[in-house]
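Please walk through this structure with the sequence and the coordinates side by side.

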Amino acid sequence: MISIRIAVCDDEKYFSNMICEAINSFFNSLDVMCVPFSGGDSLIEATEKGQRFDAVFLDIEMPVMNGYAATVAIRQLD
């Protein structure tokens, strides 16, 4: 069972993967799941499908849906 679920959302895949790797490395003795997303729209879609996260790291400037708009949408869903 996953005890901590973290989402990282950045339109630059390199950065979202790098942040997830750092999180997993930092919490190596805990049960942590870090999920990278390439845009706010994909994070919203996952949230609509029932995925829930204990923490969300969002890039503010993204082309399709910026981090602020994604935050507002997530707050309305959860």
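A residue is called buried when its relative accessible area is under 20%, exposed when it is over 50%, and partly exposed in between, as computed with a 1.4 Å probe on protein chains only. Helices (H or I, at least four residues) and strands (E, at least two) are DSSP runs, numbered from the N terminus. The model is a predicted one, in which local features need pLDDT of at least 70 and side-chain atom pairs count only at pLDDT 80 or more, whereas totals for chains, interfaces and linings use all residues. Residues are numbered from 1 along each chain as its sequence is written, and side-chain values use heavy atoms, with hydrogens and water left out.

In helix α2, which covers residues 40–48, the buried residues are Gly40, Leu43, Ile44, Ala46 and Thr47. They cover an arc of only 160° around the axis (the arc being that of the directions from the helix axis to the C-beta atoms), which puts them on the same side of α2. Contact here means heavy atoms within 4.5 Å, and the elements that cover these buried residues of α2 include β1, β2, β3 and α3. After α2 comes glycine 50, whose phi is positive, near 105°.

Helix α1 can be read in a similar manner. It runs over residues 13–26, and its 14 residues should span 20 Å at 1.5 Å a residue, which agrees with the 20 Å between its end C-alpha atoms; the expected span is 1.5 Å times one less than the number of residues. Ser16, Cys20 and Ile23 are buried in α1, and, seen down the helix axis, the buried residues fall within an arc of 60°, so they line one face of the helix. An α-helix has 3.6 residues a turn, so residues three or four places apart point the same way. The buried residues of α1 pack against β1 (4–9), β2 (32–37) and β3 (55–58), while Tyr14, Glu21, Ser25 and Phe26 are exposed on the other side of the helix.

How many disulfides does a search of the whole structure find? It finds one, where a disulfide is a pair of cysteine sulfur atoms within 2.5 Å. The bond joins cysteine 20 and cysteine 34, whose sulfur atoms are 2.2 Å apart. Cysteine 20 lies in helix α1 and cysteine 34 in strand β2, so the pair ties together parts that are 14 residues apart in sequence. The torsion about the S-S bond of cysteine 20 and cysteine 34 is about -70°, so this disulfide is left-handed. Both partners are buried, cysteine 20 with a relative accessible area of 5% and cysteine 34 with one of 13%.

The aromatic rings come next. Rings of Phe, Tyr and Trp (its six-membered ring) pair if their centres lie within 6.5 Å, and planes under 30 degrees apart count as stacked, over 60 as edge-to-face and the rest as tilted. The structure holds three aromatic pairs. One of them joins tyrosine 14 and phenylalanine 15 edge-to-face, at 5.3 Å centre to centre and 75° between the planes. Tyrosine 14 is exposed at 58% relative accessibility, whereas phenylalanine 15 is partly exposed at 32%. The rings of phenylalanine 26 and phenylalanine 27 have their centres 5.0 Å apart and their planes at 90°, so that pair is edge-to-face too.

The interior remains. A nonpolar core is a set of buried Ala, Val, Leu, Ile, Met, Phe, Trp, Tyr and Cys residues joined through side-chain atoms within 4.5 Å. The largest such core has 12 residues, among them Cys9, Val35, Leu43, Phe53 and Ile74, and β1, β2, α2 and α3 (67–77) each supply at least two of its residues. A second, separate core of six residues includes Ile6, Val8, Cys20 and Cys34. Leucine 43, leaving aside neighbours within four places in sequence, is in contact with Ala7, Cys9, Phe37, Phe53, Val56, Leu58 and Ile74. Valine 35, found in strand β2 and buried at 15% relative accessibility, touches Ile6, Ala7, Val8, Cys20 and Phe53, not counting residues up to four places away in sequence.
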